[in-house]
2 protein chains.
Amino acid sequence: MELLKERIRQDGLVIDEHVLKVDQFLNHQMDIALINEIGKEFRRIFKDHDITKIITIEASGIGIACIAAQYFNNVPVIFAKKSKSINIEGDVYWVDVKSYTHKQEYNVILSKKFLNENDTVLLIDDFLANGCALSGLIEIVREAKAKLVGAGIVIEKTFQEGGKTIRNMDVRVESLVKVKSLKGNVVEFDD
Amino acid sequence: MELLKERIRQDGLVIDEHVLKVDQFLNHQMDIALINEIGKEFRRIFKDHDITKIITIEASGIGIACIAAQYFNNVPVIFAKKSKSINIEGDVYWVDVKSYTHKQEYNVILSKKFLNENDTVLLIDDFLANGCALSGLIEIVREAKAKLVGAGIVIEKTFQEGGKTIRNMDVRVESLVKVKSLKGNVVEFDD
């Protein structure tokens, strides 16, 4: 997605070889017009599926998923919650996830009443790096016996393992831009 | 907002005298068509102001703020971050907030580069109860010397102190529905 590459070149900040900061337009301040274009692009890619639910995880995926849902006939968005507490309340799907980025463990939680075998699900998230959160969401969708259409990712860092891990789980991953390197303070794209 | 009252009557769950659960349509599963109507209503209320930024706080305010921003000429949304760590990195506004609901203390953080004295700000959030998070956001807007138009709240619980606290700070608070009691397992509205 050329528009997004341009924006990353213009406003993305390379913090180090691993971290690309896009808080100017994607995950702290959010450019709503750009995110609408992102939503349209996800629709174009996944248009052949009768998606019934879009699922994301708090916090930075929520706005993107909500805007995108407007291009999928306003299907409901469910955002999975992160919790560090061990006590899981109520009738929920939950998985234990280890975050490499923040060196912590947490639970990803989604209420059972909102997802079942009749659902056709699209996952949406801002970043794919190590794939920890995303693989947690996939586990939940599979436990619910819902149909998983794939994952729509805004920025994939292909020099990290997540994309490979998720595709090896036999899940379709569609990333709007792929970043292959951040070395020398330069963002290099995959294609 | 009649549509919202009807939806609360239909799908809201009264957990106890203090807690109204609206996770079926607002803050876990999100009804995108309904949230568009909420966005339009905020626009109607605040139409006389040239708002330049909408500010909310993670996580459940984000989707509402992003959808609403579309009715305010796609102004940028900034979501303040919650952090429990004491180390504040970088050039940020931050305030210390005590949450009564979760009996914890956390910092509300917003990057200085996204807010300054030239901004006219609308705050948006899903609930107003004790007003802790909202008063944190107000402190930040005032520290930035931005102009604060007011706060658009989806559901205010008028039997808790938040509304009074925030209005005493000389801030315009507009709540789409006001819940005055949850006693006897019944949602009673203010008007």
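In this predicted model, Ser99(A) has Gln104(A) as its bridge partner in strand β7 of chain A. Strand β6 of chain A, residues 92–99, pairs with β7(A) in the antiparallel sense, and 8 bridges link the two. Strand β5 of chain A, made of residues 77–83, is likewise antiparallel to β7(A), with 3 bridges between them. Within β7(A), Val108(A) is the bridge partner of Lys82(A).

Two copies of a chain are related by a rotation about an axis and a shift along it. Here, chain B is superposed on chain A by a rotation of 180° with 0.0 Å of shift along the axis, and the RMSD is 0.0 Å. This is the relation of a two-fold axis. In chain B, the C-alpha nearest that axis belongs to Gly63(B) and lies 2.3 Å from it. Of the interface residues of chain B, 100% are also interface residues in chain A, so the copies meet through the same surface.

One residue with contacts in both chains is Asn27(B), whose partners include Phe79(A) and Lys81(A) as well as Val22(B), Ser60(B), Asp126(B) and Phe127(B), leaving aside residues up to four places away in sequence. Asn27(B) is located in the loop of chain B that runs between β2 (20–21) and β3 (29–30). Is this residue buried or exposed? Asn27(B) counts as buried because its relative accessibility is 13%, and the cut-off for burial is under 20%.

Chain B also shows a packing of two helices. Helix α1(B), residues 2–11, and helix α2(B), residues 32–45, pack at an angle of about 145°, and their axes are 10 Å apart. The crossing of α1(B) past α2(B) is left-handed. On the side of α1(B), the contact is made by Leu3(B), Leu4(B) and Arg7(B), while α2(B) contributes Leu34(B), Glu37(B) and Ile38(B). Sorted by class, the residues in this contact are 4 nonpolar and 2 charged, with no polar residue.

Most residues other than glycine have a negative phi, and most peptide bonds are trans. In chain A, however, Glu58(A) and Ala59(A) are joined by a cis peptide bond, with omega about 0°. Ala59(A) is part of the loop between β4 (53–57) and α3 (61–69) of chain A. In chain B, a cis peptide bond with omega about 0° joins Glu58(B) and Ala59(B), and Ala59(B) sits in the loop between β4 (53–57) and α3 (61–69) of that chain.

Positive phi values occur in chain A at residues other than glycine, among them Lys145(A), with phi near 60°. Lys145(A) belongs to the loop between α4 (132–143) and β9 (147–157) of chain A. Its relative accessible area is 62%, so Lys145(A) is exposed. For Asn185(A), another residue other than glycine, phi is positive and near 70°. Asn185(A) counts as exposed because its relative accessibility is 58%, where exposure requires over 50%.

How values were computed. Residues numbered from 1 in each chain as written. Chains lettered and ligands numbered in written order. Predicted model: local features only at pLDDT ≥ 70, side-chain atom pairs only at ≥ 80, totals over all residues. Heavy atoms only, no water. Axes fitted to C-alpha atoms, helices over the stretch in contact; angles between N-to-C directions. Helix = DSSP H or I, 4+ residues; strand = E, 2+ residues; numbered from the N terminus. Left-handed = near helix turned anticlockwise from the far one by under 90°. Contact = heavy atoms within 4.5 Å. Nonpolar A, V, L, I, M, F, W, Y, C, P; charged D, E, K, R; others polar. Pairing = 2+ DSSP bridges. Buried < 20%, exposed > 50% of the residue type's maximum accessible area, 1.4 Å probe, protein only. Least-squares fit on C-alpha atoms with pLDDT ≥ 70 in both.
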